[in-house]
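Student: I would like to learn how to read a protein model, one feature at a time. Could we go through this one together?

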Amino acid sequence: MNTADLGLPVDVPSTALFTDQYELTMLRAALKAGTAGRRSVFEVFTRRLPDGRRYGVVAGTGRVLDAVENFRFDADVLRFLREQDIVDEETLDWLARYRFSGDIWGYPEGEVYFPGSPIMRVEGTFGECVLLETVILSILNHDSAIAAAASRMSSAAGPRPLIEMGARRTHELAAVAAARSAYVGGFATTSDLAAGFRYNIPTVGTSAHAFTLLHDNERDAFRAQVDSLGRDTTLLVDTYDVAEAVRTAVEVAGPELGAVRIDSGDLLLVAHRVRQQLDELGATETKIVVTSDLDEYAIASLAAAPVDAYGVGTQLVTGSGHPTASMVYKLVARAESGAEGAPLVPVAKKSSGGKTSVGGRKWAARRLDADGHAEAEVVGTGPVPDALADRQLLVELVKGGEVVAREPLDAARDRHAAARANLPLSATQLSRGEPVIPTEYAHGGSGS
């Protein structure tokens, strides 16, 4: 059973209060003005990538679908809103009947994106769409930031597997989302059992320094672990003296020892010494796992080291210096009246300070060069050019309020690997630079 196919088991009565108060006060005012029912189009996009990043990674789409399904104002939530005098009775009555009935289109999870990419498009009445702003941004901003860091790390690691182990460095629920996003970005396993339970991500784990310190000596600790978990376990060898620990580990487990883990010191130097020692002891198949506050730069620096796998925690779950993707949720089109079938008109924010937006209901396509690699992200309104018709990026996620695109997490993970491979080679460079392909705008009609 893949629990990713079943929807997120929520630990709260609903997701309706994962929102900002002004979403509800806007709804209240729009209901009073008679404009809450106007057909509207909101889009999620980012104006820029984090400094130095060459591409972004869409992650959290599946969690958004779960959140939309569970966005319900039950009796307890309505009582809270009434007692706090946040909305009036008319609005409470409207919220009690709330079910999102519109459509959502978006980049499929695992796809890459660039500045201006319409990552998600939410269509319906103003009232039902505006309420989803905060929860959608909360999920996409966090998960996409983690997935982008994971993608850079997995690119730096090459074929060597990555273990996600950041649960103790972030909020307990954020840790589950981070493990999910890391898997989309290319990590192979997680230490977090909740992530394994909810999303069917492979889990791993053996022992910490506390287990060694519990025993009278290192040999007793290794013997206890091998007796319990078998010879193919991973023994932690840097509690005391690494060279002595490696010697003891092979004596206890034999040359069939699965792996040793190094969690401190000059990892490049220590890994070479440990590899040489393992080979001399006949443990030529024993692998070396390194941990210790790694990021993509540290992983890249170990490319020439005899390392077989990396464990990453803090830097991953904090987005490797960029904990948000800076996505926004903006109204880009609305009906010119409340009449059924009224045409859409584009709307856009006009302001100084780089916070402008482009109006109109948008499509997006990725143009390829002669070698089949991406050369531009084309975003437009109105008709899609024939040359780009089969390169469109947005897919239907929700139709008439019903989720139509839920998929196993492995599909998103495979999609990301393919999307990253389709980018120019410079996309995987860790040096600072501009987005690897430009965003071009093709303006047409209103897109109604």
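Student: In which strand is arginine 261 found?

Tutor: Arginine 261 is found in strand β9, residues 259-262. Helices (H or I, at least four residues) and strands (E, at least two) are DSSP runs, numbered from the N terminus. Before we go on, this is a predicted model, in which local features need pLDDT of at least 70, side-chain atom pairs count only at pLDDT 80 or more, and totals for chains, interfaces and linings use all residues. Residues are numbered from 1 along each chain as its sequence is written, and side-chain values use heavy atoms, with hydrogens and water left out.

Student: Is arginine 261 buried or exposed?

Tutor: Buried means under 20% relative accessible area, exposed means over 50%, and partly exposed lies in between (1.4 Å probe, protein chains only). Arginine 261 has 13% relative accessibility, so it counts as buried.

Student: Which residues is arginine 261 in contact with?

Tutor: Contact means heavy atoms within 4.5 Å. Leaving aside neighbours within four places in sequence, the contacts of arginine 261 include Met165, Ser207, Asp238 and Thr291. With threonine 291 there is also a polar contact of 3.0 Å between the side chains. A polar contact is a pair of N or O atoms within 3.5 Å; within protein, one must be able to donate a hydrogen and the other to accept it, and residues adjacent in sequence count only if both atoms are side-chain atoms.

Student: How many salt bridges does the count come to?

Tutor: A salt bridge is a side-chain nitrogen of Lys or Arg within 4 Å of a carboxyl oxygen of Asp or Glu. By this rule the count comes to 22. One of them joins arginine 432 and aspartate 51, with the closest N and O atoms 2.7 Å apart. Arginine 432 lies in the loop between α15 and β18 (439-442), and aspartate 51 in the loop between β1 (39-46) and β2 (56-57), so the pair ties together parts that are 381 residues apart in sequence. Arginine 432 is exposed at 61% relative accessibility, and aspartate 51 is exposed at 55%.

Student: Where do arginine 275 and aspartate 279 lie?

Tutor: Both are in helix α12 (residues 267-280), four residues apart, about one turn of the helix. Arginine 275 is buried at 14%, whereas aspartate 279 is partly exposed at 36%.

Student: Are arginine 366 and glutamate 377 buried or exposed?

Tutor: Arginine 366 is buried, with a relative accessible area of 3%, and glutamate 377 is buried at 0%. A salt bridge joins them, with 2.7 Å between the closest N and O atoms. Arginine 366 is in strand β14 (residues 362-368) and glutamate 377 in strand β15 (residues 374-381), so the pair ties together parts that are 11 residues apart in sequence.

Student: How is the protein divided into domains?

Tutor: Domain bounds come from an automatic or database domain assignment. Here domain 1 covers 13-147 + 322-442, and domain 2 covers 155-318. Their centres, taken over C-alpha atoms, are 38 Å apart.

Student: How much area do domain 1 and domain 2 bury between them?

Tutor: Buried area is the accessible area (1.4 Å probe) that two parts lose on being put together, summed over both. Domain 1 and domain 2 bury about 1,800 Å², 59% of it on carbon and sulfur atoms. Between them there is one salt bridge. Glutamate 109 and arginine 180 form a salt bridge, with the closest N and O atoms 2.6 Å apart.

Student: What is the phi of serine 320?

Tutor: Most residues other than glycine have a negative phi. Serine 320 has a positive phi of about 50 degrees, although it is not a glycine. Serine 320 lies in the loop between α14 (314-317) and β12 (327-335), and is buried at 11%. Serine 326, in the loop between α14 and β12, has a positive phi near 60 degrees. At 43% relative accessibility, serine 326 is partly exposed.
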